[in-house]
Amino acid sequence: MKRILLTCVSLALVFLSTAAMAQNRTVSGKVTSAEDGLPLPNVTVLLKGTTQGTPTNVDGEFTLSVPNSGATLVFRFLGFVTQEVEVTERSVYNIAMQTDATSLGDVIVTGVATGTPEKKLAFSIAKVDEELIQQVPQSNAGGALRGKVAGVKVRQSGAPLSNPTFQIRGAAQLRTSNAPLIVVDGILIEGALSDINMQDVENIEVLKGASGASLYGSRAANGVIAITTRRGDKLDQGTTNVKFRNEVGFETLYNSRAPQKTNSHHFATNADGSIQTNPDPLGFQLGIDDARQIQDQPFPNGTVDHLDQGFQGNTFWTSYLQITSNYASGNVAASFENTLSGGVVPLNGGANRQNLRVNVDQNLSDRLKLSVSSLWARRFRDQNLNGGLGTRGALRNLFMMDPSADLFEKNVDGSNYRWNVNKFGNSESNPLYTLDRLTNEFESNRFLGNVRLNYELAEGLNLEYAASIDRSNTESFAFLPKGHLDLSAGDGPTLGNRSDSFGSQTAIISTATVSYATSFGDWNVRSRAFYQYENNEFESWGLSAREQQASGVTSFNNFAITNPLSSSQGEITASNFAAAIGGDYQDKYIADMVIRYEGVSLFGAEERWQTFFRGSFNYRISEDVEIPGFQELSIRGSYGTSGNRPGFSDQFEAFGVSAGNISANGTLGNPNLKNAITTEWEVSLRADFLDRFSMLASYSDQVNADQILVVPVSGAATGGFSSQIANAGTVESSSFEVTLDYEAIRTEKMGLTFGLVFDRYRGEITEFDRRDQVVGLNIWRVGAQIGDIYGEDFARTLDQLSVDGNGFVLNDPFAGDRTIDEYSINSDGFVVHTASIGTNQESVLRLTDDNGVVQNDLLLGNATPDFNLGLNTNFRLGGLNIYMLWTYQSGGLVYNQSRQWMHRDLIDARFDQAGKADGDKKTTAYYTSIYNVNRSNSWFLEDATNLRLAELAVNYNFNKSVLDRMGLGNVFKAAKISFIGRNLLVASDYTGFDPEVGNLQRPVDDFAYPLVRTFTGAIDLTF
């Protein structure tokens, strides 16, 4: 009976719909802007009183079925006045929409009481919209922001699907992290940002400073990056879209930027020109040094292209499927992404990622709304190129190979890749040999979820509860088989090693919020108060074993020795109370205030609760005074605080424990430890002028006090403790930033836009309540600038030599009875003993103090750029679109430690003396005197200035009329083909792959993953 009833109902519906269609007719038209006559795409055209509608295409055109009589068309578009048109006998309706004078631009939701129009913000924030993000979809948010936001510096390794590092307004934290807080759909995430698929992203908002980020309290001193992913709410009601995107191409090494090796050798040769060698205990056939020690002889069989042997390129491939729907009571967006990045290193599996996202908004009633955001991500990386289990990284070994070594040469037992191919030294093994045998894999599985219930108590008054979870599990597995030959094993094979590690983390945040927004008279008020509870639990454990018994069996019970199991675990909790209120009078006098009070288990027992605040204003001058040529002019100012939390164990007494044994000289506990506090004032100027320009210029000044540092303490006074974690320093910094957008051409058929970002950062340590501390290339002390690089330097003028009371030069370690007149400046610009020039006694002289002690704390320069620029251009001609992103860094230094290591093994290109006059040739001893056991010195500092074409996309969009002519209009709503390039050009004098490595605290290139170019083609189809 039930089946019969359903059949009857279905037939009735078919009959009614057929009858209705018989009474309908089709109308069409074009929607343009009344201001400039340009077509408006994505305007919603609705049949009033129904859910029936359609968006306009890229040419502003629409087609819609309407009743023969009694119909009204409604035209809606953000920033324009909604327009209603009665349907008459006409079939064509061309509409010119008027700009909405009350529109105040994009709505900002991060760091404010409630959603606030951008022009009404009282502090600076940057927003990168979908249009710019999706021009060249990147694998993570680092690439998506690079060069697009003033004040944001991104360092992105070339390694496949690696995690980017961010610095917003410089690196003002000395010991603790300089990473910003990352928020994804309201989830304060704990894990890697590389799990987030950028094709899901609708926009990214960046709170740059402490004052703008005050609402996030002790987690936000380094700024906030808030990512919002797509939902189905942007579609017309009753519409479902299916989008498929596939991008395929290849990744290749930027060969011309590779570090260069010598093309000549310094060995004694036989009569036939072959190199004389002696075997060493490890089986290396090492070359015998010629007495001259000058590398000016060509290799008998030439050199080998190690770039060709070690970097072969690979495939880049990503597929993306998204389904979005907007139905009567809600909307949904679901997507799946599969990305494979093979990398450029042979015998390495690269990385792959699979993401599944589901976002749902559901109206449970007229007042109650449920929103769900969820992401499951799996990520895999083959890490064997990093070495492990006693082996060194493949990238390092590759560039430390003898220039004539053939990496494909076989071992004496016939196996592939002879392990000891070097003639220059016995310190490095063939990287291909290790890659072929070492297994080192990493896999992570992660779930991000957020559930929100919002209940409208009254108009403008909302009560919301939200709960989010960030759950991740990671697993690493490393295995080196029995029989592997390596330097760590001497001249015999290793006995086999295995190492496993596991980790899990669950971060849950629960938030209850009440918000109220209202208007009365000329006043608009926005307010919000919330309580937030955080719980973050994590644990890890690891197990390793050695001396594999049977070859080919990797289980732990096949190893003779199993090392003790190691493990750790912890829990962090926090309770946070916050309130924000903002508003404006007559849309021109705007202010807001924020206060946050939080108690965090990471703070010492005596400092458990901390307070943060912000006060800011915005005066929209153009609303008071009519200024010719200016559509908008406002001045903003803010003053506020935010913090940086201590580490998990910083407040406690801490001892090292290994195999049940507790180490002495632990860390003294500190019940008075609190978060580092950043206080910032900021002033900015915003302007829209000449109908084509938009600008935001801001200046900020920060005091980063209570730095969390390791402070030495007296063992006698503390019962044997040697150090304590304490608040013991201040960094003061400033930042100047400019964003300028220019719409140069704006016609129906053609468009050209430019977006320019500029920033400059400076920071200085103004308080340091402990002894000077050497940290890598930095020395933390009062007066030091952030990014200062210290080390040894060389005498370049005779005035720089130190002499004793007898006039003898103290800088020369080989003699103590030489006077200044015995020295001169050689062809490299260094002071040397004149008589030694051209001999194996020639060596550089280091600067010393008055007692002849080499000075190793000399200020050599600074890694901070003079300024950074980013320029994006977008040219449109019909359906053709060409987009480019250029970035430029002016100044700043990078330390090329890779070349320093190559000096150790005599293989750097500087050793090559072929073609030089005999009097100008330098011996290997001369250049190794510069190396000086890998201590930092000025010889290996290089200028990091660079210009790069970071992104290029050539797209062609097929509009509805083109698809119709192709006979595909009934299949596809839209289509696009693209040709995409990433890192296509880098212009720099730097002698390594990429001058932008490391960060301001450690600007060191230590065989970093090389710069990779990507060339791909993509197709986007919307059904």
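Tutor: Two strands pair if DSSP finds at least two bridges between them, and strands (E, at least two residues) are DSSP runs numbered from the N terminus. This is a predicted model, where local features need pLDDT of at least 70, side-chain atom pairs count only at pLDDT 80 or more, and totals for chains, interfaces and linings use all residues. Residues are numbered from 1 along each chain as its sequence is written, and side-chain values use heavy atoms, leaving out hydrogens and water.

Let's begin with strand E15 (residues 201-207), which pairs with strand E16 (residues 224-229) in the antiparallel sense over six bridges. Now widen the view: five strands make up an open sheet with mixed pairing, and their order is E10-E15-E16-E13-E14. At its edges are strand E10 (126-129) and strand E14 (187-188), each pairing on one side only.

Glu247 has a relative accessible area of 1%, so it is buried (under 20%, with a 1.4 Å probe and protein chains only). Its side chain meets that of Arg245 in a polar contact of 3.0 Å; such a contact is a pair of N or O atoms within 3.5 Å, where one must be able to donate a hydrogen and the other to accept it, and residues adjacent in sequence count only if both atoms are side-chain atoms. Setting aside neighbours within four places in sequence, Glu247 is in contact with residues including Phe316, Trp317, Ile980 and Arg982 (contact means heavy atoms within 4.5 Å).

Notes:
Buried < 20%, exposed > 50% of the residue type's maximum accessible area, 1.4 Å probe, protein only. Helix = DSSP H or I, 4+ residues; strand = E, 2+ residues; numbered from the N terminus.
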